[in-house]
Amino acid sequence: MKATAHAHPNIALIKYWGKRDQKLFLPHTPSLSMTLSSLTAVTTAEFSASLAADTVMLDGRPVEGAALERFSAHLDRIRALAGISLRARVVSANDFPTAAGLASSAAGGAALTAALCRAAGLDLSPHEMSALARRFSGSACRSVEGGFCQWNRGERTDGSDSFAVQVFPAGHWPELRMVVTVVSAAQKEVSSRAGMQHSVETSPFFEAWVRQVDADLAEALSALERRDLRALGSIAETNACRMHAVALGAHPPVLYMKPVTLDVISRVHALRAQGIEAWFTLDAGPNPVVLCLAADAPRVAAALEEIPGVQKTVTAGPGEGVTQSEKHLF
Ligand code: PMV
């Protein structure tokens, strides 16, 4: 009853921002993302009769308190589905900073769900696993499959129709790149969970956001289908700014950008003025992610790394969904 799974973060091209059901993690709007080919979360999980309680180690540190309860609640869902009551040991490691806007919860949540399901002997379809991963962290539902995934809002109150589906495989656009630009690896002050809920409750722009997302999504899907970087980049950049405008309209405002975030954004605009197709998106953190083509990625990365305050860049293409491994962490 031991299994190990690998998963990669996904970066949204059309953002998820706001839950209509906080318990089931049901979004107000659909979203669209690319699963990355690098940055990996690995999770080993084991159910065992010799354990008196669930234990979780994340990046070498024991998880305690409210964070451990969140893991245990997820374990309970899997135990209920599998009809078991055994406690579990979970060890998870990321090769990138946790909770700094690099979608660590997405990769971790997908790897955790896949490892737990296998360890518990559950054989779920990708869509069932996506709906389950959603309960740990909304965006995790989009890292179960690779390539380009759309998380459907769903209509049902039980959330059974709110999961991510692959709209294009990784091979649809192998030349597309995302240059993840790390300006801060520190844990952010306001989690995406708290920031989005606060936006739902206090931002007068939230209603406008909900009205807008379907049109943004249709534009992005059409650009993706045509492999039109200018069209995709333009709508991704606009949609990210719309999300941050919603957060900035909250009371008190939620500001995820740092001064160096704006320096990166200015450089992206300057690159475009020089004829290089580069477009940014930004999650709930200070680290921009820049879309470009593989042929331009080294030049884009070099230009961004020159900016004082940029710590490093990681370039990734479209990657695969969760995979199982026989190399366990314990
Ligand atoms: O699922 P969470 O709580 O990590 O929220 C993710 C929210 C954003 O990263 C800002 C947007 C997105 O769609 O990934």
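Across the interface of domain 1 and domain 2, six residue pairs are in polar contact, both residues of a pair being at pLDDT 80 or more; a polar contact here is a pair of N or O atoms within 3.5 Å, where within protein one atom must be able to donate a hydrogen and the other to accept it, and where residues adjacent in sequence count only if both atoms are side-chain atoms. The side of domain 1 that touches domain 2 draws at least two residues from each of strand E2 (10-14), strand E5 (31-35), strand E10 (148-151) and strand E11 (164-168), strands (E, at least two residues) and helices (H or I, at least four) being DSSP runs numbered from the N terminus. E2 gives the largest share of that side, four residues. By residue class, the side of domain 1 that touches domain 2 holds 21 nonpolar, nine polar and three charged residues, with Ala, Val, Leu, Ile, Met, Phe, Trp, Tyr, Cys and Pro counted as nonpolar, Asp, Glu, Lys and Arg as charged, and the others, Gly among them, as polar.

This is a predicted model, in which local features need pLDDT of at least 70 and side-chain atom pairs count only at pLDDT 80 or more, while totals for chains, interfaces and linings use all residues. Residues are numbered from 1 along each chain as its sequence is written, and side-chain values use heavy atoms, with hydrogens and water left out.

The two domains span 2-170 for domain 1 and 176-316 for domain 2, bounds that come from an automatic or database domain assignment. Their centres, taken over C-alpha atoms, are separated by 23 Å, and the contact (heavy atoms within 4.5 Å) takes 33 residues from domain 1 and 49 residues from domain 2. Between them the domains bury about 3,400 Å², 72% of it on carbon and sulfur atoms, where buried area is the accessible area (1.4 Å probe) that two parts lose on being put together, summed over both. Of the area that domain 1 buries against domain 2, Leu13, Lys15 and Trp17 supply 26%, more than any other three residues.

Side chains of opposite charge can pair when their charged atoms come close. One salt bridge is counted between domain 1 and domain 2, the term meaning a side-chain nitrogen of Lys or Arg within 4 Å of a carboxyl oxygen of Asp or Glu. Lys15 forms a salt bridge with Asp283, their closest N and O atoms being 2.6 Å apart. The overall count comes to 13 salt bridges. Among them, Arg242 and Asp216 meet at 2.9 Å, N to O, and this pair links distant parts of the chain, with Arg242 in helix H6 and Asp216 in helix H5 (residues 206-226), 26 residues apart.

Around the ligand there are 14 residues, of which Tyr16, Ser105, Ser139, Arg142 and Ser192 come nearest, a residue being near if one of its heavy atoms lies within 4 Å. A polar side-chain atom of Arg142 lies 2.7 Å from a ligand oxygen atom, a polar backbone atom of Ser139 is 2.8 Å from an oxygen atom of the ligand, and an N or O atom in the side chain of Ser192 is 3.0 Å from an oxygen atom of the ligand.
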